[in-house]
Each structure stands twice: as structure tokens, then as C-alpha cells.
2 protein chains.
Amino acid sequence: MDLWYTEKQTDSFGITAKVKETYVREQTDFQDLSMIETEEWGTMLTLDGMVMTTVRDEFVYHEMVAHPALVTHPNPEFVLVVGGGDGGVIREIMKHPKVKKAVLVDIDGKVIEYSKKYLPTIAGELDNPRVEVIVNDGYMHIHDHKNTYDVIMVDSTEPVGPAVELFSKGFYQGIHEALKEDGIFVAQTDNPWFKADLIQTVNRDVKEIFPIVRVYSANIPTYPSGLWTFTMGSKKYDPLQVEESAIPEFPTKYYTPRLHKAAFVLPKFVEDLIK
Amino acid sequence: MDLWYTEKQTDSFGITAKVKETYVREQTDFQDLSMIETEEWGTMLTLDGMVMTTVRDEFVYHEMVAHPALVTHPNPEFVLVVGGGDGGVIREIMKHPKVKKAVLVDIDGKVIEYSKKYLPTIAGELDNPRVEVIVNDGYMHIHDHKNTYDVIMVDSTEPVGPAVELFSKGFYQGIHEALKEDGIFVAQTDNPWFKADLIQTVNRDVKEIFPIVRVYSANIPTYPSGLWTFTMGSKKYDPLQVEESAIPEFPTKYYTPRLHKAAFVLPKFVEDLIK
């Protein structure tokens, strides 16, 4: 018998991946969590029926959440990750020696627990002494920590279930207040083929709060449409002003100093969304 | 009853799209051709069970085959398209007034016939007086036309069925001879997630024939992995030397003068393939 994981990315389009084994299928306090072994992508974590990460292509998303902001900020000592319980963004942050402390706040401790067990190549740095892991509501954490962080990264699920509030203007306002006076934040903001409205709304909201707002993209084959966007809001530093030659060396599989600015050059139909 | 088109892009991964209506399902002299109406992507042409083009996302592929080479060549008067019977690349070529004549050579007249009938927004320029449409083997046409073209574009299917020879070193050698002394060619060269070997082989072969070889990419959601590559071989002009300010205006939805150079900046794992 062949088992296939099929995800409807829209009402009328989806992906399907052959499954070797199902490790976990559980309704946590917050969402429907699955950990499955696929032929094509290796171990795959899904939440509420959406691929969160796979061992084979996770490097794209995690590198592209972490590095553009950390390279733009000249001294990113204190970094917060909201969501991201699989630990992939934390692993990338740990490649930056300037970071003294990275705090991960995920609302769902089960994501952290199962990622440590089934995704060790992704979650391995969660035990780094420079990392603090907190199981809590990111929205609350933000509002309890004013003027605290140099960089905040929002590694959320889609805006359904527990992540709805993480796409609200109130949340971006809270992030602004939780950042220091020269802070930067970045959030994953879905794809322009099926979620153009979301990208437009977030862009408009963030522009009302941050003086510098930039959108960049990356190819993530297991995410809807394969074209993923990230929105960066910055109080002072502009990612487009970073000199390629000033970007430090660290090991990657997707991000490069050459790609840093190129990632911000968007297809015309995406440019038009955020004019 | 719900009908879904499901394409196995690899043995263990694929896409699935809801079908409203099937217009054509036919074994032509060369391949299995389908023209179907999908909910998400509009009318879709498939050959041998692979998506060739859809009304909704076709602009990406067709713009990105045509414009980088035409903008790089200072005087692209005579252009050849091998394959591309749907007419999308021809439509983009016609946006360049310097082009005096574009020749389309597709081996399968049925692709042209059904595209004109069911994909009028894509095939509409096939009747342009600057266009000559020939139903013939592109390999033969190339070998019968020495020193003829300024730009040659290879808009082939995957290297299965009738397109196998279009990925051979002999074909690239033939293209070199069919080009004028300052000619440029570009070919679609599949995706780096599932066809890394193909990209490497083509790159090595083309480098042995052309002094300037460049690879660029674009996001095409209905193609495997969403990340598509194109390989350009040039006798004289380097696409990376094109000045953004010198690129003429023409209407697009994906390509922009800003994107011209950025498209050539590849993710690290793709860069590593073609070192």
C-alpha cells in the first residue's frame, strides 16, 4: 500500500508526497501536529495540514529568515524568535558570533519536543548555552519586553489557528516597542501567488510603523507556489545599503553575500503589490 | 465528482490541480497532449504528463526565456525559437521592435493547432507578419541554417520523448554554427532540486562550445520545485554587462530591468552545481 501526504495549498491546488512512515499524529493544545518520513523530502513536520519544514529543503527558509537581518544590523547582540519551535532559525542565528543571546518563544511546547526528537539536524542548537527557549505566547512576550531586542524574527505558521494575531498591526506595533532604537524585525509573509492580499496588508501596516520596509523572496519547493516572501521592518539600517564585501563568512546552502541584495529584487507582479 | 490532474514530478512527489473540463486528450505523432481547464491555473497544456504552460503563470517562463537574451544582444534582428509551439515565447519576442523576423520550429503541429484554439492569449502573436511558423525537427533546422540567427531560444519539453536530442552536446554545437559570429542562445534547463545532474551536464557541454556561459533562474509555480533554470551561451555579449538604464521599456509581469542581473544571482547550492 502506498501512503501519500496531500496538502491542499488552495481549494483547487496542492502537493502530494509519498510517505514511508508516520512518527507522530497528535492534536496538541494548539494545533494538529504530524511528523512523517517522506521519500522525497526526508522527515517532514506539518501543522494544521501545512508543511512547516522538511529535512531536505529547510535550509532555504531558515537561512533566509535569519541572515538578511543579522547581516544588516551592525551589532545584533540580543535576538528574539517568535515561533520557530523546530529550531532551524536558531541554528542559523548561532552562526553569528556577535549574537550574545537568542530567545525562542513558541506557544506550543510539543513542536519543540518532537523537533528535538525527530529533527535533530534542525533543532540541534536549541541546547546551545547562548539560547533560551520559552514556551509562551509570543504576543504576550513581545508586550512584556520593551526596548529589549536588536533583532526580532517572526517564524510563524500561516495566519490561521494560533498565528492569527502574529499578522496583526497591533503585533507589529508591539514588535516596534520591543526593539531597541536601531532594531530590525523580519517576518515570513507567505506567497504572492495565493496570498497577495496578505502581503499587501502586512506591507501597508508595517510601513505605518517602521521607516524602512523591504520585501525579499526565496524559493521553497514544499511551500505553496515555491515563491516565499519575507517582510523586513527597520528603524535605522537599510538592508540595501549593506556592502557585499562587508558580509562575514559563514557556511550556508542558499544565502550568499552575492544573493543578499538580489533577494530584494522582486518580480514585477510582486513589486506592484507593495508599491 | 471531483476530477484532479495529478503530476508525479518525481517518483515520490507531485502536484495536483482541480479540473473543470478536459478539452483535448490526444496521442499526437510525438507525444501525449492534453488541454484541460483547471480551477487554479486556468487552461493548462500538458505533454507526456508534464505541465507545459498555464494561462495564469505562463508569463514567468515566456518572459524569462525571451527577454534576458534579447536585451543582451544589441541588435537581435533574426531570432529562432526551437519548440515553443504554444507561442508564448514568440509573443514576448514581438515586444522587441529590433526583431525583424522570428522563426518558430516545433516538431509537433498539434501543439500549435490546439494552442491557437485554446490558448489565444498565449498563441496570439503566431500570426504576426514578423513570425514564420515551421513544423519540423528543430535539430534538422539548426543543421540546415548555418550562420543565420542572432538569437536562438530552446523552448523544449523535458529531456524525454522528442526533446532528448535537444539536450545533447551535438545540438549545442549545431546551435553555435547556426548563430552569427556574435550570437546568443538560451535554453530552459529544468530545476536544481530534482535535475541537478542535467544542469551540470548542460553547463559543462555549453562551456566547451561558448566562451560566455551564464545561468539564471525564475519562479514557476506549476513546474517541478518552482525554481526553474535557464542556461545562456554567448559568443560575444555578456548579460551581466548590460546596463540597467539601457534596457528599453516593454510591458511585463515578471521581468524588469532591475531583475535582469538579479536573476543571474543563484542560491549557493545551484552556484555549486555549475562551478
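Author: At 21%, Glu26(B) is partly exposed. This is a predicted model, where local features need pLDDT of at least 70, side-chain atom pairs count only at pLDDT 80 or more, and totals for chains, interfaces and linings use all residues. Residues are numbered from 1 along each chain as its sequence is written, chains are lettered from A and ligands numbered from 1 in the order in which they are written, and side-chain values use heavy atoms, with hydrogens and water left out.

Reader: What does Glu26(B) pair with in a salt bridge?

Author: Lys110(B), at 3.6 Å, N to O. A salt bridge here is a side-chain nitrogen of Lys or Arg within 4 Å of a carboxyl oxygen of Asp or Glu. Glu26(B) sits in strand E2 (residues 13–27) of chain B and Lys110(B) in helix H3 (residues 109–118) of chain B, so the pair ties together parts 84 residues apart in sequence. Helices (H or I, at least four residues) and strands (E, at least two) are DSSP runs, numbered from the N terminus.

Reader: How many salt bridges over all chains?

Author: 38. One of them joins Glu92(A) and Lys95(A) at 2.8 Å, N to O. Both belong to a salt-bridge network that also includes Glu58(A) and Arg91(A).

Reader: Is Glu92(A) buried or exposed?

Author: Buried, at 1% relative accessibility. Lys95(A) is partly exposed at 25%.

Reader: Switching to cavities. How many of 30 Å³ or more?

Author: Four. A cavity is a set of points, on a 1 Å grid over the protein atoms alone, where a 1.4 Å probe fits but cannot get out; lining residues have an atom within 4 Å of a point. Points are joined across faces, edges and corners, and a volume is the space filled by probe spheres set on them. The largest cavity has about 390 Å³.

Reader: Where does the largest one lie?

Author: Between domain 1 (3–54) and domain 2 (58–273) of chain B, because both give residues to its lining. Those bounds come from an automatic or database domain assignment.

Definitions and conventions: Buried means under 20% relative accessible area, exposed over 50%, partly exposed in between (1.4 Å probe, protein chains only). On a 1 Å grid over the protein atoms alone, a cavity is a set of points where a 1.4 Å probe fits but cannot get out, and a pocket is an open set with protein on both sides within 12 Å along at least five of seven lines; lining residues have an atom within 4 Å of a point.
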